[in-house]
Amino acid sequence: MSDEELVRKIARQNDATLFAVLYDRYAQRVYNKCYSFSKSADEAEDLTQDVFLMLFIKLSSFKGRSKFSTWLYAFTYNFCVNYVNRNKQRMMSDKSDSISESDRPIHGNNDAAEIANMRAEKLKKALELIEPEDKKILLLKYQDDVSIKELTTILEIGESAVKMRLKRAKSRIVEAYNKIP
């Protein structure tokens, strides 16, 4: 059964057993998105449960204008962005992290992989410095490979507006990246 058929049945029958099938299909992906916002396994677990609880309540609002998976990712991103905005005073990174690759002193014998890892760590830090809305659109586009057309549906804005937001978000991430030592 396709996701869309499953969603229609769940919405029509309010069937928790069928919803469990949907949960099994997407729980890991939703968890991964939640973790990318919270940087804490426990918080990501809680957020995942909250997303699915809200999803069960709001499932009937899925209109089928995009694939269900795209709609679910947007739903998850929006939920996480709202979470971040409500909890801005909290640090989003796990304080128990050990020294990251980019915090280690650089020695002359680094290979290309280590340098690439250091750049990736710096990019992760830069993502934490930009606004959640910018992070959302960048991750949807470049991590999840969501097309411009799908972004117009998810964000409910025109194509030129999507392109402008992407351009501005890229500009902000580059600025944040360059400020990190």
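Let's start with helix α8, where the buried residues are V162, L166, A169, I173 and A176. Keep in mind that this is a predicted model. If you look down the axis of α8, those buried residues fall within an arc of 95°, so they line one face of the helix. And what sits on the face turned away from that buried side? There you find the exposed residues S160, K167, N178 and K179.

Now, on to the aromatic rings. A pair of aromatic rings is described by the distance of the centres and the angle of the planes. The count here comes to 10 aromatic pairs. Take F68 and W71 as an example: their ring centres are 5.9 Å apart and their planes are at 35°, so this pair is tilted. Stacked would need planes under 30 degrees apart, and edge-to-face over 60.

Where do these two sit? Both belong to helix α4, residues 68–86, and because they are three residues apart, about one helical turn separates them. Are they buried or exposed? F68 has 0% relative accessibility, so it counts as buried. W71, at 17%, counts as buried too.

Finally, have a look at two lysines. K122 lies over the face of Y177, 4.5 Å from the ring centre. K135 lies over the face of F37, at 4.7 Å from the ring centre.

Key. Residues numbered from 1 in each chain as written. Predicted model: local features only at pLDDT ≥ 70, side-chain atom pairs only at ≥ 80, totals over all residues. Heavy atoms only, no water. Phe/Tyr/Trp six-rings, centres within 6.5 Å; stacked < 30°, edge-to-face > 60°. Helix = DSSP H or I, 4+ residues; strand = E, 2+ residues; numbered from the N terminus. Buried < 20%, exposed > 50% of the residue type's maximum accessible area, 1.4 Å probe, protein only. Lys NZ or Arg CZ within 6 Å of the ring centre and 35° of its normal. Arc of directions from axis to C-beta.
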